[in-house]
Amino acid sequence: MPESARDRFDVIPHAQGRVGAHRAENPGMRGWFVLLWAAVATAVLIAIGIFAAMLAMGRISFDGGTPVPSVSRTATASAPALDTSYAVLVLNATTANGLAASTRDTIVAAGFDGNAVAASDASTQDFPATTVYYKTEADKSAAQALANLIGATKIALSDQYGDDVVAGQKQLTVVLGLDLAKNAPTTEPTPADTSGDGSQG
């Protein structure tokens with residue numbers, strides 16, 4: 001086969017050094033680079049999580065002032081004020097002697113009119129829980145205040161008791177129960193002195 005005539009494209013000059021060669025990356029250096037970035041990213045995520053948690057708990061504030069303490073949701077409501085304008089009927093529904101009288105003394109000592117506080121015995125002697133009865137809803141807070149004073153465990157709305165103590169005066173009625181009978185004063189009569197004139201001897 002006849003050879004073609006040589007032209008300028010057939011003359012390739014000898015270049016000095018490498019021509020068109022590419023150096024491959026060092027695998028070891030690439031692994032350390034990825035590991036470093038992973039460590040930095042992990043540290044940043046942990047820091048963000050801690051910051052968000054402290055912000056949610058109120059440990060961090062942006063107002064620059066003193067943190068305002070949170071208000072307790074379990075705070076009890078203030079007790080109602082004692083209203084001494086009521087007449088009070090105290091009924092002893094237990095077998096404890098003197099319980100009605102001692103309760104009356106407590107009520108009078110708190111500021112109630114002694115002429116408007118009466119003590120008597122109830123028709124039963126086994127009433128379980130001391131209760132303050134009030135006649136209308138307007139009397140409820142006064143009943144609760146009286147209950148707090150004498151240690152009653154219950155208050156109840158009832159129209160069973162009216163103006164039994166003072167005619168025309170609003171009234172609260174206390175029925176003393178067995179829960180207070182254990183704290184009643186002892187009023188047992190003292191034994192008679194047999195060493196006097198009536199002794200035999």
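This is a predicted model: local features need pLDDT of at least 70, side-chain atom pairs count only at pLDDT 80 or more; totals for chains, interfaces and linings use all residues.
**Reading a cavity and an aromatic pair**

By class, four nonpolar, three polar and one charged residues make up the lining of the largest cavity.

Visitor: Which residues line the largest cavity?

Guide: The lining consists of Tyr-133, Tyr-134, Lys-135, Ser-158, Tyr-161, Gln-171, Leu-172 and Thr-173. Strands E3 and E5 each supply at least two of the lining residues, and E5 gives the most, with three.

Visitor: What describes an aromatic pair, and how many does a search of the whole structure find?

Guide: A pair of aromatic rings is described by the distance of the centres and the angle of the planes. The search finds one such pair. Tyr-133 and Tyr-161 form this tilted pair, at 5.6 Å centre to centre and with 45° between the planes. The pair links distant parts of the chain, 28 residues apart: Tyr-133 lies in strand E3, and Tyr-161 in the loop between strands E4 and E5.

Visitor: Are Tyr-133 and Tyr-161 buried or exposed?

Guide: Both Tyr-133 and Tyr-161 are buried.

Visitor: Why is Thr-131 classed as buried?

Guide: Thr-131 is classed as buried because its relative accessible area is 2%, and buried means under 20%. Thr-131 belongs to strand E3, and its side chain reaches the backbone oxygen of Ala-129 at 2.9 Å.

Technical notes: Residues are numbered from 1 along each chain as its sequence is written. Side-chain values use heavy atoms; hydrogens and water are left out. Helices (H or I, at least four residues) and strands (E, at least two) are DSSP runs, numbered from the N terminus. Buried means under 20% relative accessible area, exposed over 50%, partly exposed in between (1.4 Å probe, protein chains only). A polar contact is a pair of N or O atoms within 3.5 Å; within protein, one must be able to donate a hydrogen and the other to accept it, and residues adjacent in sequence count only if both atoms are side-chain atoms. Rings of Phe, Tyr and Trp (its six-membered ring) pair if their centres lie within 6.5 Å; planes under 30 degrees apart count as stacked, over 60 as edge-to-face and the rest as tilted. On a 1 Å grid over the protein atoms alone, a cavity is a set of points where a 1.4 Å probe fits but cannot get out, and a pocket is an open set with protein on both sides within 12 Å along at least five of seven lines; lining residues have an atom within 4 Å of a point. Ala, Val, Leu, Ile, Met, Phe, Trp, Tyr, Cys and Pro count as nonpolar, Asp, Glu, Lys and Arg as charged, and the others, Gly among them, as polar.
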